[in-house]
Amino acid sequence: MLRVIGLKLIRLVPVLFLVSLATFFLVDLIPGDPAANMLGTDATLEDLEAVRKSLGLDKPITDRYVDWLSGALSGDLGLSLRSPNEPVTDLIQRSVGPTLRLSAMALGMSFTTAIFLGVWSAQAAGTRVDRLVSGTMFGFISVPTFLAGLLFIFFFVFRESIPRWIWVIGMGLIVLRLLYLAISRLAEDRADLSGWFGYAIATLVVAGLMMWVFVQWPDFPRTASHRYDDNWREQIRSLFLPALALALSEIAVFTRLLRADMLSTLQEQFVLSARAKGMPTWRILFRDALRPSSFSLITVAGITLGRLIGGTVIIETIFGLEGLGKLIVGTGVIPKNYTIVQGGVLVLAVGYVMLNAIIDISYQYLDPRIRRGRV
Amino acid sequence: MHSWLFKLLALLMVFGLVAAACGNDDDDGVTAGPDESAPAAPSGDGDDEPAPAADDGDDEPAPAADDGDDEPAPAADDGDEPSASEEMMDGCEATVPGTKVNYAVYSPNANMDPTGSSGALVGGTQIVNVWDVLMAFDPAAGVSNGQAAESLTPNDDFTEWTLKIRSGITYGNGDAFIAQDVVDSMLRFFDSRGDGMTNRAAGSVALIDFDSTEVPDDSTVIFRLHRGWSTFHTLLGDEPGMIVNPRIIAQLLDEEAANATEETSAARLVRNRMAVTPELVNAASFGPYEVAEVEPNVRTVLRARDNYWGGPVCIEEIEFTWPGSSVANWEAFQAGDFNAAFLRDPRVFADAREAGAILSSEDQNIGGLFLFNQGVRGADVIGKDIRIRRAVHHAINRDIINERAFEGKLKTTNAIAAEGTLLWSPELQECADQAPSYDPDAAAALVEEVKADTGWDGSMLLVHADTDPGPEIAQAVEGMLEAAGFDIEVDLGPVTTVLIPRVIIQADYEMAGWGFNADGATWVASLNDNLLSTSGSNRMAFAHPDMDAALGELYGAANVDDQRAAIAAVQCVWAEHLPAMVYSVTEEGLALAPNIKGVQRAGATIFLFGNAYIEN
């Protein structure tokens with residue numbers, strides 16, 4: 001196992017080297033002069049030349065790359081070119097927290113929703129429910145993240161009664177369906193508690209949830225720019241819409257993936273055996289079939305987390321969240337503050353590659369078939 | 001069992017419906033944002049606002065420019081109203097404990113140092129609440145009222161101004177505020193030039209003849225100016241009027257002297273330290289608020305100062321954050337995320353005004369214009385030829401820019417002082433109308449004429465900011481100019497890395513989207529900086545003795561009538577020689593929740609919250 005881990009880590013080195021190379025040279029292609037960004041409106045041509053010299057911009061690009069890489073390897077990503085010239089490491093540390101929270105929340109929402117929808121869809125494969133879920137998921141995938149963000153702002157912030165009543169109607173239909181099932185079972189055989197009591201309890205729970213959410217419906221903020229470092233409830237409230245916008249397409253991907261794996265698992269002998277023994281359906285689905293069906297989901301979820309951390313820039317911009325994406329683009333790329341771009345992208349790349357490596361390693365550890373295959 | 005189940009279900013449904021009907025989904029109400037169902041409706045002119053505490057003294061000398069008979073009396077002098085301090089105390093008692101203002105800024109600021117700030121758009125309101133100002137400018141009356149200064153009195157020709165500061169003011173570190181501090185603090189503006197800091201006030205501070213400026217005692221400064229300047233008082237409501245304890249600066253300069261390099265001066269290192277060290281700022285300032293938290297270029301949190309010289313500060317905290325754009329500011333204000341939002345986009349302003357949410361706004365004259373390079377640093381450019389400048393005026397239809405880029409909501413104008421602003425006059429408009437108007441045929445004829453005379457191929461480089469709606473403006477102008485025979489190359493880019501370097505540093509442009517942004521507090525400085533033939537900030541190389549003479553008259557104009565006449569004279573020269581093409585006036589201001597009272601203008605469109613309170 002250690003050898004495998006060691007080999008994987010060694011393979012990361014050329015990847016990271018290429019990433020650093022690409023980052024460094026690509027920044028040079030952005031139009032504009034970084035020295036001008038430092039100078040402001042009172043500068044002269046002489047000032048410009050002096051600053052260019054002090055930044056080392058007059059040196060050959062290869063020399064600059066070597067200087068930067070040696071600094072990065074020792075943890076020094078340089079200073080921001082924008083006043084007050086803070087260390088890039090400090091800026092990244094400050095902005096990575098909001099991005100991590102946003103990404104984790106989006107992933108959590110995607111994961112939990114996909115499990116219920118994926119399992120339900122697989123269980124009801126070929127039915128109207130399955131077709132409805134599949135169609136909805138294709139719809140989710142088709143909506144670009146930025147559009148989802150803008151639509152959520154419009155409906156959840158400025159027309160909040162619409163989603164609120166959609167929730168009530170949607171959940172109300174489920175409640176009515178459960179109620180119908182409970183009553184019909186009750187009419188069939190009053191003495192058989194297992195036939196209708198479960199539906200009755202489910203009806204109560206869903207109806208209670210529907211009412212509770214309706215009553216407690218929060219005022220979603222238009223922006224996520226406020227910080228609520230000591231108030232988790234406010235943090236969730238302010239990050240809910242951007243996280244939902246990010247989660248939308250992930251929900252669809254996860255659901256489709258889990259449905260496919262579940263369909264395969266549900267054909268396995270042990271599932272048929274469990275059914276034959278008369279085990280309750282929920283137990284077969286969530287205790288027996290879900291676990292072996294979730295390896296792909298876990299793997300993709302891990303990769304998605306890495307992608308989300310680096311890909312939240314549009315959502316951060318729309319919702320005014322001061323995260324890593326906004327730092328790299330808003331403070332780095334646009335004003336050609338190249339030390340931030342280089343440092344930020346390097347940190348993202350390292351994080352992404354490391355996360356994938358960890359998933360890769362843990363996947364081998366968790367799945368005996370792969371482990372044996374390697375041995 | 002059967003009936004029991006149905007009873008339980010029915011009970012649950014009834015309970016749920018009752019809860020839904022009675023439930024209150026409001027949150028904890030820490031912020032006092034506007035109610036969506038009842039949008040903010042403060043009066044546009046702020047007449048219903050209580051007068052600031054600092055303005056109520058009957059023993060105040062008349063404001064410097066308040067000597068004209070045609071000037072309205074300051075609102076605070078109304079003797080029928082309850083005194084401002086009484087109202088403020090009542091307001092403080094009514095203010096809910098823990099209340100805060102969430103303020104959406106136009107652009108985040110990097111630095112809390114007045115020498116590193118750029119007015120209302122970048123950090124003005126943040127810093128004024130920490131440093132305070134000597135004089136507070138009242139744009140409605142065109143006068144300045146004493147704030148940290150008791151009075152400011154000019155001599156007859158406005159070449160000498162006597163400033164009396166208030167006694168008993170102490171900085172955060174306990175040092176007493178004395179008159180010499182005013183001079184020392186202003187001298188710091190000279191260090192900022194060419195040092196990575198920008199401040200539009202630096203050029204104006206240079207008009208003070210510091211060699212002959214006197215400090216006869218600890219409460220008096222006698223400023224002597226290189227030339228008579230009737231609106232000098234406005235300067236003291238801006239960054240130069242924000243006093244930084246010079247003893248702390250001197251100490252910091254000593255500490256940083258060893259770290260300074262050829263490229264990075266000790267002064268800059270001091271500013272950088274202050275930007276990330278709230279304790280330094282708090283020790284060196286005496287304004288109503290202290291810096292509680294700061295993340296440069298992201299957010300600033302201010303907390304009420306316990307021992308503010310002006311009395312109790314009612315609002316405990318102000319958090320300044322940047323939602324990302326003017327549109328986002330307005331949307332977030334409507335949603336209740338913010339109870340104060342700075343707005344500048346005309347498209348948003350129209351909506352905000354319709355909702356009655358604007359507390360205080362000001363038209364920034366010459367807010368939209370196109371500069372012509374007329375030979376900066378001896379460059380041989382086509383803009384030198386007035387026929388080309390005239391052709392551009394003929395070719396561009398301001399209404400098309402408005403429709404294409406601003407949904408028809410921009411206030412277009414051909415005048416340097418737009419109708420409705422303080423210094424507009426019919427005489428000025430008459431002169432403005434003498435400039436070439438939209439006539440594409442005349443434009444095409446002029447272009448052909450220049451091509452035939454000079455061999456010029458019609459090419460022209462237009463540099464423009466790419467911030468929304470810059471691309472639409474540039475595209476509209478490009479189309480109109482090309483229809484007249486120009487061959488336009490458009491260079492769009494960020495302000496800091498493309499527009500400013502191209503126009504200011506390299507002077508590598510022929511036509512550029514720009515703005516002078518002249519308002520009541522900055523008319524003189526703005527026009528002189530940009531148009532005076534000897535000004536270092538003249539970005540166009542426009543030089544004409546008639547313009548210099550007209551600008552000189554503007555400096556010395558004693559009252560609003562004189563200023564109107566002087567501006568009209570400038571307009572006449574402008575219309576004849578066409579240094580640039582004005583196309584709009586830009587409105588900017590503050591949208592404020594209706595329960596926030598007592599917010600006071602300091603200078604330009606920056607706002608003091610020292611006397612503000614939130615109604616319960």
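A residue is taken as buried if 20 or more other C-beta atoms lie within 10 Å of its own, as exposed if 12 or fewer do, and as partly exposed in between, with C-beta atoms placed from the backbone. The structure is a predicted model, in which local features need pLDDT of at least 70 and side-chain atom pairs count only at pLDDT 80 or more, while totals for chains, interfaces and linings use all residues. Residues are numbered from 1 along each chain as its sequence is written, and chains are lettered from A and ligands numbered from 1 in the order in which they are written.

Chain A comes to 17 helices and 0 strands; helices (H or I, at least four residues) and strands (E, at least two) are DSSP runs numbered from the N terminus. Its radius of gyration is 26 Å, well over the 21 Å that the globule rule gives for 375 residues, so chain A is more spread out than a compact globule. Here the radius is taken over C-alpha atoms, and the rule is 2.2 Å times the number of residues to the power 0.38. Along the principal axes, the C-alpha atoms of chain A fill a box of roughly 95 × 60 × 35 Å. Of the 375 residues in chain A, 37% are buried.

Domain bounds, which come from an automatic or database domain assignment, divide chain A into domain 1 (2-88) and domain 2 (95-144 + 232-337). The centres of these two domains of chain A, taken over C-alpha atoms, are separated by 36 Å.

A helix pair of chain A also deserves a look. Helix H5 (residues 88-123) of chain A and helix H10 (residues 232-265) of chain A cross at roughly 35 degrees, and their axes come within 5 Å. Such axes are lines fitted to C-alpha atoms, for helices over the stretch in contact, and angles run from 0 to 180 degrees between N-to-C directions. H5(A) passes H10(A) in a right-handed crossing, that is, with the near helix turned clockwise from the far one by less than a right angle. The contact of H5(A) with H10(A) has 21 nonpolar, 6 polar and 3 charged residues. In this division Ala, Val, Leu, Ile, Met, Phe, Trp, Tyr, Cys and Pro count as nonpolar, Asp, Glu, Lys and Arg as charged, and the others, Gly among them, as polar.

Turning to chain B, the secondary structure comes to 19 helices and 21 strands, and 56% of the 616 residues are buried. Chain B is divided into domain 1 (53-66 + 78-339 + 593-614) and domain 2 (365-586). In chain B, 18 residues of domain 1 are in contact with 16 residues of domain 2, where contact requires C-beta atoms, placed from the backbone, within 7 Å. The domain 1 side of this contact in chain B holds 6 nonpolar, 10 polar and 2 charged residues.

Within chain B, helix H11 (residues 386-395) has 7 of its 10 residues buried, so it is largely enclosed by the rest of the structure. Among the buried residues of H11(B) are B:Ile388, B:Arg389 and B:Val392. Their cover includes strand S12 (358-372), helix H14 (440-454), H15 and strand S17 (580-592) of chain B.

H15(B) (residues 470-483) also packs with helix H12 (residues 398-406) of chain B, at an angle of about 145 degrees and with the axes 8 Å apart. The residues making this contact include B:Ile400 and B:Arg404 of H12(B) and B:Ile473 and B:Met480 of H15(B). By class, the contact of H12(B) with H15(B) has 7 nonpolar, no polar and 2 charged residues.

How values were computed:
Contact = placed C-beta atoms within 7 Å.
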